[in-house]
Structures are given as C-alpha cells and as structure tokens.
Amino acid sequence: MPDPIRIQFVCLGNICRSPLAKVVFRDKVEQAGLEDHFKIASSGTAAYHVGDTADDRMRRTAQRNDLSLEDHRASQFDAQALARYDHIFVMDKSNLNDVLHLDEDDEYGGKVRLFREFDPEPDDYQVPDPYHGGRKGFERVYDIVERTSDMLLHRFVDEYDLEEYVSGGQESAGERGR
C-alpha cells in the first residue's frame, strides 16, 4: 500500500475550526474504511493556545454530532510542516497568508489551499471564526466543515484512485447524530 496521504488543517489558535475539521474529516475517512490511507492533523498559526484543549463550545458542538475533541491538544504550525504534509487546508485568508509566509523559498504554495475551496456553498471561501460568538456560530462552522469534508474526501478518492478501498454503508457523524 502507498504511503498515507498526509493532511493538515490549520486555523489561528487550533482550538475551534481546525480541530473540528480534523475529527470530522477523520470520521468520514473511517466511515469509508480508508483510515490506513490518511494521516490527519491540525494546528494553528499562533501560539496562543499551545497545549490547551479544544474550546469548550466546540467540544460540545462535536459531542452533539457524535464526535469527540477530548483528546485534542493545540499545537502551532511550523515551516517544517510544509514539507511533512501533502495537503494543507487553511480556514481563512489570514491563515493562508501566515502559512505561505513560512514558505521562504516558495516551494510549497501548491499544497496550501483554503479549505472552503471544496465547499459546494463556498460563500467567501473562509470558515468564520466562532470564538467570539455563541452556539449558532459553532453550529454554522460544524455545518460548513461537514459538507466541505464530504466533498474533500470524494475529491481524494478520485484523485488518489481509492474507490476500490472504500467500504460500503458510509454514514457520517452528522447523519448518525440527526
């Protein structure tokens, strides 16, 4: 079997959006029976929360959708991650600029993309930061991440010819929890 596809999700503090994207995408990968084909991580561009758990509100949002962020500990994105990961998905344009700024020799820009480029309803292509808002903002982020992760996995199945490895009966956490 080929090496796993290495994916990194990135937001600002690594306590809301990117950890949620990591667990939602991982859930979809597991439901498809493709866990051996992916290595999935998340980090933040800032060091504000390194070592902290995910935001309580995002943990509750994940839990309402049968997912867990309990094991998450925030980490900071570094320049070495540009080489370590095959695909880096950032949550907003500020994260995009911060990550690309670390690419001093312009070697890795092709693997850094806005996550919502894969959203069928991309709006402004940014996942809004729910940190300073209430429950509705966290739920909105969940909905964005859920549908975007679906499309992203379909894209990877096609791009990496993984169709033969996909197991039947895929059901996402959102479908189980509703």
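Reader: How many bridges join strand 1 to strand 3, and do they run parallel or antiparallel?
Author: Four bridges join strand 1 (residues 5-11) to strand 3, and the two run parallel. Strands (E, at least two residues) and helices (H or I, at least four) are DSSP runs numbered from the N terminus, and two strands pair if DSSP finds at least two bridges between them. The model is predicted: local features need pLDDT of at least 70, side-chain atom pairs count only at pLDDT 80 or more, and totals for chains, interfaces and linings use all residues. Residues are numbered from 1 along each chain as its sequence is written, and side-chain values use heavy atoms, leaving out hydrogens and water.

Reader: Which residue stands opposite Ile88 in strand 3?
Author: Gln8 stands opposite Ile88.

Reader: And where do the side chains of strand 3 point?
Author: His87 and Phe89 point one way, Ile88 and Val90 the other, and all are buried, meaning under 20% relative accessible area with a 1.4 Å probe, protein chains only.

Reader: What joins strand 3 to strand 4?
Author: Three bridges join strand 3 to strand 4 (residues 112-114), again in parallel, with Val90 opposite Leu114.

Reader: Turning to the whole protein, which elements does it have, in order?
Author: From the N terminus they run β-α-β-α-α-β-α-β-α-α. The radius of gyration, taken over C-alpha atoms, is 15 Å, close to the 16 Å that the globule rule (2.2 Å times the number of residues to the power 0.38) gives for 178 residues, so the protein is as compact as a globular protein of that length.

Reader: What share of the residues is buried?
Author: Buried residues make up 48% of the 178.

Notes:
Buried < 20%, exposed > 50% of the residue type's maximum accessible area, 1.4 Å probe, protein only.
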